[in-house]
Amino acid sequence: MSDPEKPATIDFSPASLDRLFQAHRSEFDRDLADAHNDTGREAVRIKWLGRKQGKLALYSSGYMQQAPSPDAKKEVGRRFNELKQHVESRLEGLASGSQSETAAGEAAIDVTLPGMRRRPGAEHPLIKTMHEIVAVFEAMGYSIGVGPEVETDYYNFESLNFPPNHPARDTQDTLLIAGQEAKPLRERLLMRTHTSPVQMRTMERQPPPVRIVIPGKVHRNDAADATHSPIFHQVEGLCVDENITFSDLKGTLDHAMKALFGSAVKTRFFPSFFPFTEPSADVQISCIFCGGSGCRKCKQSGWIELLGCGMVDPAVFAFAAQKQPAYDAGKISGFAFGMGVERLAMMKYGVSDIGQFYSGDVRFLEQFG
Ligand code: PHE
């Protein structure tokens, strides 16, 4: 057989090219069969696929230079590509040659080769925080609900006692789906501004008692800055039964805040307003950074505002009663709350820029692994 490293001796007739390439192929197969471990296979890889001194590189330049005509170049090129494909796929553990294919034509996979190692990923800090919040309420007997991110005006606003044109809608401006002017207002679609619509969806599906937490993504026309993002996450809660009182609300949220931030944390409730709760409150926790003595994080007040809540407004029960008559405000009562996941996660992990959560920067995300 002629030595390919001295290509001057090659005869370029198709028959001798066939013989030549078949010989190369057999030589490679023998090399690979003789390699019994990773080191051996690596040596074969370098011998055949090495960029400069690999046999394929040498054949390619040697044969091509010597080919006497364009036709001969084509003949060489085709055989060369076949050989290269054979070498590459055998080295990858995939069969291309007929010897390494099973009768059914499936690629023979060497199951004794070591598997590919994948680096384990870490839960995203927002998902992690959401799971933690949900777990606190699950332990109190709450179940988990979800609802659509594209919502109707009815569920996002009207049934939660935001009538059309009510000024409370202004604080929750959002994206509206285009081209719906022909529909009645209540059927028009928008990106939900809070997870509260799932309160109504849940009550329409099931009579009281209800104890549910609802994690999810929400959208608002808010300019992005260090503490705002036009897309963020909330966990909503709803509890409805007979004789549910404001002290149940206080006890539940006080317990939840202690479970999330440590038992030393204190809570206090301030009057607030939401159209769908009456009375409404904002919940503050004692500053987890200074313990309440006053620092930069709590603007020297010793307290940090964390969530909104209140007793379910009878008007909301009246909307639910259109589908489930058991929501009779004379017989049942309930409370609801909603918290921002980003805000909680920023506090818990000392993150000062909300944008870090969405940057996809692995150096940031790795810290939560
Ligand atoms: N949905 C309110 C908001 O996004 C929060 C809230 C939920 C308030 C439930 C009271 C009860 O601002």
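Author: The centres of domain 1 and domain 2, taken over C-alpha atoms, are separated by 64 Å. Domain 1 covers residues 14–107, and domain 2 covers 125–368. Please keep in mind as we go that this is a predicted model.

The chain holds 11 helices and nine strands. Its radius of gyration is 34 Å, well over the 21 Å that the globule rule gives for 369 residues, so the chain is more spread out than a compact globule. Along the principal axes, its C-alpha atoms fill a box of roughly 100 × 55 × 40 Å. Of the 369 residues, 43% count as buried. If you take the contacts between residues at least 6 apart in sequence, 65% of them join residues at least 24 apart. The chain exposes about 19,900 Å², and carbon and sulfur atoms supply 53% of that area. As for charge, there are 42 positive and 46 negative side chains, and the centres of these two sets lie 4 Å apart.

Now to the helix itself, α10, which spans residues 341–349. Which of its residues are buried? They are Val341, Glu342, Leu344, Ala345, Met346 and Met347. A general point is handy when you look at such a list: an α-helix has 3.6 residues a turn, so residues three or four places apart point the same way. And what do the buried residues of α10 pack against? Their partners include two helices, α5 (125–138) and α8 (246–261). The strands β5 (231–241), β7 (277–286), β8 (303–312) and β9 (333–340) are packed against as well.

Gly350 is found in the loop between α10 and α11 (362–365). Gly350 has a relative accessible area of 45%, so it is partly exposed. Arg169 is 181 residues from Gly350 along the chain, and 32 Å separate their C-alpha atoms.

Strand β7 is where Pro279 has its place. A cis peptide bond joins Glu278 to Pro279, with omega at about -5 degrees. Most peptide bonds are trans, and most residues other than glycine have a negative phi. Pro209 sits in the loop between α7 (197–205) and β4 (210–219).

The loop between β7 and β8 contains Gln300 and also Gly294. Gln300 is not a glycine, yet its phi is positive, near 65 degrees. With a relative accessible area of 56%, Gln300 is exposed. Leaving aside residues up to four places away in sequence, Gly294 touches Gln300 and Gly302. Gly294 and Gly340 are 46 residues apart in sequence, and their C-alpha atoms are 23 Å apart in space.

Asn243 belongs to the loop between β5 and α8. Asn243 is another residue with a positive phi that is not a glycine; the value is about 60 degrees. Is Asn243 buried or exposed? It is exposed, because its relative accessible area is 66%.

Helix α9 (residues 314–321) includes Ala315, which is partly exposed with a relative accessible area of 24%. Ser159 lies 156 residues from Ala315 in sequence, but in space the two are 8.3 Å apart, C-alpha to C-alpha. Gln324 is found in the loop between α9 and β9. Why does Gln324 count as buried? Its relative accessibility is 16%, and the cut-off for buried is under 20%. Not counting residues up to four places away in sequence, Gln324 touches Met203, Glu204, Arg205, Gln206 and Pro207.

Technical notes
Residues numbered from 1 in each chain as written. Predicted model: local features only at pLDDT ≥ 70, side-chain atom pairs only at ≥ 80, totals over all residues. Heavy atoms only, no water. Helix = DSSP H or I, 4+ residues; strand = E, 2+ residues; numbered from the N terminus. Rg over C-alpha atoms; globule rule 2.2 N^0.38 Å. Buried < 20%, exposed > 50% of the residue type's maximum accessible area, 1.4 Å probe, protein only. Contact = heavy atoms within 4.5 Å. Areas by Shrake-Rupley, 256 points an atom, 1.4 Å probe, with all protein chains shown as cover. Lys, Arg positive; Asp, Glu negative; His and termini not counted. Charge placed at Lys NZ, Arg CZ, Asp CG, Glu CD. Domains from an automatic or database assignment.
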